[in-house]
Amino acid sequence: MKKKCQIILLLLAFPFIASSQTIDDMCKIVIGVKFQNGISQETEYIQPQLEDKLINFASQAGCSSYGDCAFFISPNIVVNSVDVAEGGMKNVYIVEGDLYLSILDNHSGTVFSTKSFPFRGTATKKEIAVRNGVLNIRFDNVSSLFTEAKSKILLYFKNRKDAIFARANTCASSGDYDGAIACLMMIPEDLTDLYEQALLKAQYIYELRDQAYRQQMIAEQKDYNDSILTVAKSYLSMHQPDAALNALSSFAPGNETQDKLYRNYCSQAEAI
């Protein structure tokens, strides 16, 4: 629980991560949905509803579908038979088919799991019968797909741990601290030991980020103060003490050299 609180506090410091996730989504395997080229017309017809359905399945499987999805579900509907039964004023379509689902790596295309799930739907229109049949598939029917994929994905992260940490180090070395932490936060908390290593590394990089930002702010303040002192010096050379003091009113305490010049210029302006 303590580790979970630490990672929540860390991620909340990075809006690009936190805004795309709820607290419950953090540090889970991220699986999105992608409709690939060549899908059937039946798949295209119910694409929005099917995407919502599959995201819900991913959530029930303990995964997240927010942010940069490293893995995705690829669906396709295949209709095997269509029967038409007379139903009074309108015929009734009875459609049977299979919903094919695969879970893949978003970058390499590696398939972690692929299965087909039969469906049967009825309606007064063929397209609606397909939709009814597919959307009636329950999570219990497809849970084996996620179980197999999650097992392989966890192994994938174990095997790539050195590459993940190396990439995080490279990002941090180039000043991309947010990218480094985002890379480390891809590691799911299911891998307890590796997850804690990633958390410790992310906390260290966060401290580096803080130090770098502080140094940047100090440098920017120095440049700003230098510009103020330059303007004040110019006004003093033109014997315009009021203008010099007005410029110096924006001065913020800086380093010792700047503070000394500030006091010097204030004294000169008051003496004119």
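Predicted model: local features only at pLDDT ≥ 70, side-chain atom pairs only at ≥ 80, totals over all residues.
Let me start with the sheet: four strands make up an open sheet of mixed pairing, in the order β1-β2-β3-β4, where strands are DSSP runs of E with at least two residues and helices are runs of H or I with at least four, numbered from the N terminus, and where two strands count as paired if DSSP finds at least two bridges between them. At the edges stand β1 (31-33) and β4 (111-123), each with a single partner strand, so one side of each has no neighbour in the sheet. From one strand to the next the twist averages 25°, with axes taken as lines fitted to C-alpha atoms, for helices over the stretch in contact, and angles running from 0 to 180 degrees between N-to-C directions.

Residues are numbered from 1 along each chain as its sequence is written, and side-chain values use heavy atoms, with hydrogens and water left out.

Now to the pairings, one by one. Strands of a sheet pair through backbone hydrogen bonds, either parallel or antiparallel. β1 and strand β2 (residues 71-85) run parallel and are joined by three bridges, and within that pairing valine 33 has isoleucine 73 in β2 as its bridge partner. Helix α5 (residues 126-135) packs on the sheet, where it touches β2, β3 (92-105) and β4, and its direction makes about 125° with that of β4; contact here means heavy atoms within 4.5 Å.

β2 and β3 pair in the antiparallel sense, over 14 bridges, one of the positions being valine 78, whose bridge partner in β3 is aspartate 98. β3 and β4 are antiparallel as well, over twelve bridges, and here tyrosine 100 has serine 116 of β4 as its bridge partner. These two strands, β3 and β4, form a hairpin with five residues between them, and glycine 109 in the turn has a positive phi of about 80°.

Let me turn to the salt bridges, of which a search of the whole structure finds six, the criterion being a side-chain nitrogen of Lys or Arg within 4 Å of a carboxyl oxygen of Asp or Glu. In one of them the side chains of lysine 126 and glutamate 42 meet at 3.6 Å, N to O. Lysine 126 lies in helix α5 and glutamate 42 in helix α3, so this pair ties together parts that are 84 residues apart in sequence. Lysine 126 is partly exposed, at a relative accessible area of 30%.

Another salt bridge brings together the side chains of arginine 120 and glutamate 96, at 3.3 Å, N to O. This pair links distant parts of the chain, with arginine 120 in strand β4 and glutamate 96 in strand β3, 24 residues apart. Arginine 120 is exposed, with a relative accessible area of 52%, whereas glutamate 96 counts as partly exposed at 36%.

A further salt bridge sits within one helix: lysine 222 and aspartate 226 meet at 3.1 Å, N to O, and because they are four residues apart in helix α9 (residues 192-237), about one helical turn separates them. Lysine 222, at 36% relative accessibility, counts as partly exposed, and so does aspartate 226 at 29%. Salt bridges with shared partners also join Lys115, Glu148 and Lys152 into one network.

Is threonine 43 buried or exposed? Threonine 43 is buried, with a relative accessible area of 0%, and, leaving aside residues up to four places away in sequence, threonine 43 touches Phe35, Leu50, Pro75, Asn76 and Ile77.

I will finish with the chain as a whole. Its secondary structure comes to eleven helices and four strands, and 39% of its 272 residues count as buried. Among contacts with a separation of 6 or more, 64% are between residues 24 or more positions apart.

Notes
Buried < 20%, exposed > 50% of the residue type's maximum accessible area, 1.4 Å probe, protein only.
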